[in-house]
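Subject: Structure for your review

Dear colleague,

Please find below the structure that I am handing over to you. I would be grateful if you would read the notes that follow it with the structure open beside them.

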Amino acid sequence: MIAKIGKPGANTRGVLRYLYDTVRAKDHTDPHLVASFDGFAPDPGRDETATLAQLATVLDLRVKQAGDRAPDKHVWHCSVRAAPEDRILSDEEWAVIARRVLNATGIAPAGDPDACRWVAVRHADDHIHIVATKVRGDLSQPRNWNDYLRADKELAAIEKEYGLRQVVRGDRTAAKRPTRAEQEKARRTGHTTTPRERLRTTVRTALTAATSTEEFFAILRGAGVRVEVEHFPSGDVRGYKVALDGDTNKDGQPVWFSGSKLAPDLSYPKIAERFTDAPTPSRSQADPKRPAWQQLTDATDRIPDLLTQSEDGAAQAHIAVLAETLDALPLIAPAHLQPQLMQAAAAFERASRSRIRARHEQAQATRRAVKAIVREPAPKDGAALAIMLDVIWLAVIAARHWHQVRQHDQQAEAAHRTAEHLHAAYQAVAAQPTAVIARRGQRLTVQVRHRQVAILRQVLPELAEQILAEPGWPALAATLADTQTVGRDPAVLLTEAATRRELDTATSISDVLVWRLRHTADLPTDTPDSTDTPTQGNRAVSPAPAAQPTNQAANGAARRR
């Protein structure tokens, strides 16, 4: 169920006229009262002698008694709508729901003889309208502060009790949606997204690549964004606002958006927190033998464990930096993967924050690795990217579970959508290197193959036959053999990989185990095969180009988005 509370109004009769109208409002059928403050309010829908004027007079009685003490906007109007798949509720059930909402919001607390006057009107099967006048019996105003959140919380309880669909709910941390005017303007100018949405994406991209606030502003300007930085009298930065070149209002002035208007975590104080103790990435700060991609893969691989072991503030920081990882991938990924990766990053934006304040200092090591990958060449084969996407996918699933446990409904749903986009990108990138490994598996000796089958049946007896029948089994067999070659125990590694993966949701269990094992055993990511040339469709695939300097990489991605 969803509650919608309109802005306070001044015309009680006007609201009632709309609710009872069946001429202009063709979808209104059989309008009538299902409940009222005293059970005796006149009902123009069922009583031929009752009029809208009479009903409005009854509701406005205390407003007139209060005179100048009454608020100018005294009409409180709330609609409550059931989900399309819910059963049709009776008038009696809707009456109970109306009273519970009024009690929860403070408009008409249960058992309060001085509560506001109200009626609940039904003119459709799936919803009701509650209209109240905001003057109590003692001529004071009701305490209905934060009424929407209180109504929403009560409706969540009602859904469970009545067996209705449990609607995904927010926590007021979502980015502000574009207004209707913004959407219409975007359509007129031939854009599929509004300036607000394009700026939000560009600012996030710049934030991911930058290592300081100065560089952050420089990247934005290089991406064609107008930036104005505001300062305190002391000279310290107070905030910033951005506008797209060419996006002007009716007076020809730029349409500015502050960071906080783009998203709650893009205000200047919030982005400044991310740059605290975050020096420019360099090889000296990590293992110089491991490329930036491998460093980030290692750091992301630890996120699922960190989410279960860390306190909430640190865990939220790791989820925030996971979002930065997703923002960074389209900057350097091959062109054919960028659309899915951009959609994954856009979806996870909603999952990146909650009411829990992130302790960003807890995730700076991973953040440095994120910024490093836009400064170093991308890997020349698809195996490294397949491993990274596999690890990120697992981290996103862990983030979804973390949000679900804390009843962050919208964030959990966003993480679910992100996982779907990542899975599509993973399948696209993993197909060719998996095929190369599979061909090596087909050339294993009979003795080696029998040994790998025995290991599989020992570790995963319930899944063994399914895996053996999959096209990906030869690649898994070759990977198990590779782990033995480097001196690792394949049974131990397979056990660990199986416990860390959601195998029941995998399209191909063998495929996901291949990349989990290759990462865990730190096997070489290049998978040479003298008989193979990497292809995409019917054409050769060139290695992904080396990453450009930070400004150029971020600017290019921002323009593509």
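How many helices and strands does the protein chain have? The protein chain has 22 helices and 10 strands. Please keep in mind that this is a predicted model.

**The chain as a whole**

Taken along the principal axes, the C-alpha atoms of the protein chain fill a box of roughly 95 × 60 × 45 Å. The chain has 561 residues, and buried residues make up 53% of them. Its accessible surface comes to about 26,700 Å², with 50% belonging to carbon and sulfur atoms. Among the contacts with a separation of 6 or more, 73% are between residues 24 or more positions apart. As for charge, there are 76 positive and 69 negative side chains, and the centres of these two sets lie 4 Å apart.

**Helix α1**

Which residues of α1 are buried? They are Thr12, Val15, Leu16, Leu19 and Tyr20. Seen down the axis of α1, these buried residues fall within an arc of 125 degrees, so they line one face of the helix. The general rule is that an α-helix has 3.6 residues a turn, so residues three or four places apart point the same way. The buried residues of α1 are covered by elements including β2, α2 (52-66), β3 (75-81), β4 (117-122) and β5. At the start of α1, a side-chain oxygen of Asn11 reaches to within 3.3 Å of the backbone nitrogen of Arg13.

**Two residues with positive phi**

Asp30 is found in the loop between α1 (12-20) and β2 (32-36). Its phi is near 50 degrees, a positive value in a residue other than glycine. Leu139 lies in the loop between β5 (127-133) and α4 (147-162).

**Thr434 in helix α16**

Is Thr434 buried or exposed? Its relative accessibility is 10%, and because buried means under 20%, Thr434 counts as buried. Thr434 is in helix α16, which covers residues 409-442. Leaving aside neighbours within four places in sequence, Thr434 is in contact with Ala475, Asp511 and Trp515.

Yours sincerely,
A colleague

Key: Residues are numbered from 1 along each chain as its sequence is written. This is a predicted model: local features need pLDDT of at least 70, side-chain atom pairs count only at pLDDT 80 or more; totals for chains, interfaces and linings use all residues. Side-chain values use heavy atoms; hydrogens and water are left out. Helices (H or I, at least four residues) and strands (E, at least two) are DSSP runs, numbered from the N terminus. Buried means under 20% relative accessible area, exposed over 50%, partly exposed in between (1.4 Å probe, protein chains only). Contact means heavy atoms within 4.5 Å. Accessible areas come from the Shrake-Rupley method with a 1.4 Å probe; for residues, only the protein chains shown count as cover. Lys and Arg count as positive and Asp and Glu as negative; His and the chain ends are not counted. The place of a charge is taken as NZ of Lys, CZ of Arg, CG of Asp or CD of Glu. The arc is that of the directions from the helix axis to the C-beta atoms. A polar contact is a pair of N or O atoms within 3.5 Å; within protein, one must be able to donate a hydrogen and the other to accept it, and residues adjacent in sequence count only if both atoms are side-chain atoms.
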